[in-house]
Amino acid sequence: MRKPYALLLSVFLVLPAFLALVATPSYAADNGSWSVYPVSSRIAARPYFYLSADPGQTLRDKVTVANKTGDPLTFRLYAADAYNTARDGGFAVRTLAEKQRGVGAWARPARSRITVPAHGEVTVPFTLRVPERAEPGDHPGALVALDERIEKGSGSLSVGVRRAVAARVYLRVGGPTVPALAVEKVRLTHHQPLVPGTGSTVATVSYTLHNTGNVTLNPKVRLRAEGLFGRTLLSRELTGIPSELLPGQRVRLTASWHGSPQLDRCDVTLTASAPGTKESASVSFLALPWLVAVLAVAAATAVVVTLRVRRARVRPSVPVRPSPRVRTTPFRPRSSRSARP
């Protein structure tokens with residue numbers, strides 16, 4: 001019986017490794033078996049492809065794929081668009097089957113399939129043609145070397161993995177650059193003990209960080225919490241923010257506030273900033289233990305019922321006024337003609 005295999009793409013973008021048999025630059029994207037990196041210029045080595053062009057311009061460059069294993073390896077070489085992963089905002093690239101709109105559609109390697117000998121390397125030229133109507137700003141992408149082999153798993157239901165390594169491409173198209181950030185969909189959940197003072201509390205803030213501009217940003221986010229009368233309860237810079245938020249990308253993030261108040265009204269503000277842009281969004285919550293809330297509602301209900309009962313007891317009775325008598329017209333029988341003399 002043939003085992004079903006799923007095709008997965010594992011992209012290792014920055015994983016430095018060294019092997020004495022292959023003199024691979026330390027800045028190359030590497031997974032231990034092969035690496036992909038730009039051809040070095042006479043002046044200095046390049047960690048990535050940093051390219052700039054105007055709409056309608058054509059660029060030419062070269063990429064090198066180095067094999068660190070003792071066997072020849074065959075790769076599919078293609079260009080891909082980059083994006084931020086939804087989980088942690090990491091730098092990732094589109095697969096070969098996905099639709100490409102930027103660098104992935106504009107760049108074309110001279111060879112789409114290459115075989116690299118054992119402990120050897122192959123350099124491939126590529127052409128990048130920027131369309132006439134290309135939008136100005138940053139267009140991140142990568143040149144990907146995808147292993148044609150499928151690594152099989154074990155068991156009755158296995159998962160096949162195709163690994164890939166990509167060299168990043170940072171392309172900036174000439175024109176106006178607009179840095180812009182937005183903090184969207186701020187939500188807050190608050191967990192606290194039933195009885196105040198018997199346990200710890202934690203407030204979790206979730207939000208979406210959205211790059212609404214056309215340049216790559218290195219954002220910073222600060223969380224500030226204020227209690228009643230404007231008291232500052234917390235002010236700190238959050239960690240786990242993506243170091244590169246690509247244009248148009250959204251990332252869902254969370255932040256925890258341990259030791260949040262158990263009895264207070266709080267306003268939580270998130271402020272995201274990057275060079276040239278700053279944006280804030282707020283959310284409020286009432287820290288009130290359930291036991292206290294139930295007792296407060298019960299006490300308020302008891303007070304209302306008591307007041308109504310007392311008012312009913314002291315309310316005087318109002319006499320009912322009799323209705324006026326209606327005067328009737330006396331009835332006179334009408335005589336008939338036969339009764340007349």
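User: Which strands form the three-strand open sheet, and in what order?
Analyst: The order is β13-β14-β17, with antiparallel pairing. Strands here are DSSP runs of E with at least two residues, numbered from the N terminus, and two strands pair if DSSP finds at least two bridges between them. This is a predicted model, where local features need pLDDT of at least 70, side-chain atom pairs count only at pLDDT 80 or more, and totals for chains, interfaces and linings use all residues. Residues are numbered from 1 along each chain as its sequence is written, and side-chain values use heavy atoms, with hydrogens and water left out.

User: Which are the edge strands there?
Analyst: β13 (181–191) and β17, each of which pairs on one side only. On average, neighbouring strands of this sheet are turned by 20° against each other, direction ignored; axes are lines fitted to C-alpha atoms, and angles run from 0 to 180 degrees between N-to-C directions.

User: How many bridges join β14 to β17?
Analyst: Nine, between β17 and β14 (residues 202–211), which run antiparallel. Leu 209 has Val 251 in β17 as its bridge partner.

User: What does its side chain join to?
Analyst: The side chain of His 190, through a polar contact of 3.1 Å. A polar contact is a pair of N or O atoms within 3.5 Å; within protein, one must be able to donate a hydrogen and the other to accept it, and residues adjacent in sequence count only if both atoms are side-chain atoms. Leaving out residues up to four places away in sequence, Ser 260 also touches Thr 201, Val 202 and Ala 203, where contact means heavy atoms within 4.5 Å.

User: Switching to cores. How many residues has the largest nonpolar core?
Analyst: It has 31 residues, and those with the most contacts inside it are Val 65, Leu 128 and Leu 171. A nonpolar core is a set of buried Ala, Val, Leu, Ile, Met, Phe, Trp, Tyr and Cys residues joined through side-chain atoms within 4.5 Å. The largest share of this core, five residues, comes from β12. A second, separate core of 29 residues includes Val 183, Val 186, Ala 225 and Leu 234.

User: What does Val 65 touch?
Analyst: Not counting residues up to four places away in sequence, its contacts include Trp 34, Phe 75, Leu 77 and Ile 114.

User: How many aromatic pairs are there in the whole structure?
Analyst: Seven. Rings of Phe, Tyr and Trp (its six-membered ring) pair if their centres lie within 6.5 Å; planes under 30 degrees apart count as stacked, over 60 as edge-to-face and the rest as tilted. Trp 34 and Phe 75 have ring centres 5.0 Å apart and planes at 55°, so that pair is tilted. Trp 34 counts as buried at 0% relative accessibility, and Phe 75 counts as buried at 0% as well.

User: Which cluster holds Tyr 50?
Analyst: One aromatic cluster formed by Tyr 48, Tyr 50, Phe 91 and Tyr 170.

Conventions:
Buried means under 20% relative accessible area, exposed over 50%, partly exposed in between (1.4 Å probe, protein chains only). Helices (H or I, at least four residues) and strands (E, at least two) are DSSP runs, numbered from the N terminus.
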